[in-house]
Amino acid sequence: MPLRRTPPSASIAEPGQGAQLFAPSAARNAGPLCDLLGHVAPQKGRALELASGTGQHVVAFARALPDLNWQPSDIAPDRRASIDAHARASGLTNIAPALDLDASIPGWGATHGDQALIVVVNLLHLISAPEAATVIAEAASALAPGGRLVIYGPFMREGALTSAGDCDFHAALVAQDPEIGYKDVSDICATAQAAGLKPVDQIDMPANNLALIFERPAA
């Protein structure tokens, strides 16, 4: 995906020890996301996180779900270095080295298949609608039968932004790049269903975020 212009509030990461980066937002939502995955994720198999960012999330996920083999990914070299540094510091053995993967480019689903779980956190509002559709279609292709796609982030509901904070953030995103901004839940669900996924659940999360759960049918 192209390096899009986003407001400073969209991705805050502070320098940490060595190559590690630290995002306050990742520290805040790691717990709720681990609780969510504990309820909706398959318990065994391969798990791919798209746009892993600093690596804080994947370490938390790998610790909470130790029987999944986690593959983090990101397009930014400094983020991949941070992911690997966090993984080394954790001592966990179920995290692979960070993958250089642009999830908005068609074709990756065929080369990274048989995933029991794919996790997308706070990405779709930072990319265009066509790029988001590619992410979902390729994720659907990469899932094993019965595998699940978990998408977390801020969304429009029935074309409306539902809080003052969401209105401000969406406006800031669009001001930086008119192709990005909040996506509507109904559009994401329609895209996922067109890609062959079935909706499983829509879960309210802290800070007015949503988790959308989809599954690739087993047969």
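The legends below describe a predicted model, first as a whole and then in close-up views.

Residues are numbered from 1 along each chain as its sequence is written, and side-chain values use heavy atoms, with hydrogens and water left out. Because the model is predicted, local features need pLDDT of at least 70 and side-chain atom pairs count only at pLDDT 80 or more, while totals for chains, interfaces and linings use all residues.

Figure 1. Helices (H or I, at least four residues) and strands (E, at least two) are DSSP runs, numbered from the N terminus. Along the principal axes, the C-alpha atoms fill a box of roughly 45 × 45 × 30 Å. Of the 219 residues, 51% are buried. Here buried means under 20% relative accessible area, exposed means over 50%, and partly exposed lies in between (1.4 Å probe, protein chains only). Among contacts with a separation of 6 or more, 75% join residues 24 or more positions apart; a contact means heavy atoms within 4.5 Å.

**Figure 2. The surface and charges of the protein.** The accessible surface comes to about 9600 Å², and 54% of this surface belongs to carbon and sulfur atoms. Accessible areas come from the Shrake-Rupley method with a 1.4 Å probe; for residues, only the protein chains shown count as cover. The protein has 14 positive and 22 negative charges, and their mean positions are 5 Å apart. Lys and Arg count as positive and Asp and Glu as negative, whereas His and the chain ends are not counted. The place of a charge is NZ of Lys, CZ of Arg, CG of Asp or CD of Glu.

**Figure 3. Helix α2, a mostly covered helix.** The helix spans residues 56-64, and seven of its nine residues are buried. These are Gln56, His57, Val58, Val59, Ala60, Phe61 and Ala62. The cover over them includes helices α1 (24-40) and α3 (77-90). Strands β2 (21-22), β3 (45-50), β4 (68-71) and β7 (115-121) are also among the elements that cover them.

**Figure 4. Ser73 in strand β5.** The strand covers residues 73-74. Ser73 counts as buried because its relative accessibility is 0%. Leaving out residues up to four places away in sequence, Ser73 touches Leu48, Glu49, Leu50, Ala51, Ser52, Gly53, Ile83, Leu99 and Leu101. One of these, Ile83, is 10 residues from Ser73 along the chain, with 8.4 Å between the two C-alpha atoms.

**Figure 5. Pro97 in the loop between α3 and β6.** Pro97 counts as exposed because its relative accessibility is 62%. Apart from neighbours within four places in sequence, Pro97 is in contact with Gln71, Pro72 and Asp84. Pro97 and Pro145 are 48 residues apart in sequence, and their C-alpha atoms are 25 Å apart.

**Figure 6. Leu143 in strand β8.** The strand runs over residues 143-153. Leu143 is buried, with a relative accessible area of 1%. Its contacts beyond four places in sequence are with Gln115, Ala116, Leu117, Ile118, Arg148, Leu149, Leu197 and Arg216. Asn122 is 21 residues from Leu143 along the chain, and 20 Å separates their C-alpha atoms.

**Figure 7. Asn122 and Asn208, each with a positive phi.** Phi of Asn122 is near 50 degrees, and that of Asn208 is about 65 degrees. Neither residue is a glycine. Asn122 sits in the loop between β7 and α5 (129-142). Asn208 sits in the loop between β11 (198-204) and β12 (210-215). Asn122 has a relative accessible area of 26% and is partly exposed; Asn208, at 26% relative accessibility, also counts as partly exposed.

**Figure 8. Cys167 and Cys189.** Cys167 is partly exposed at 34% relative accessibility, whereas Cys189 is buried at 17%. A search of the whole structure finds zero disulfides, a disulfide being a pair of cysteine sulfur atoms within 2.5 Å.
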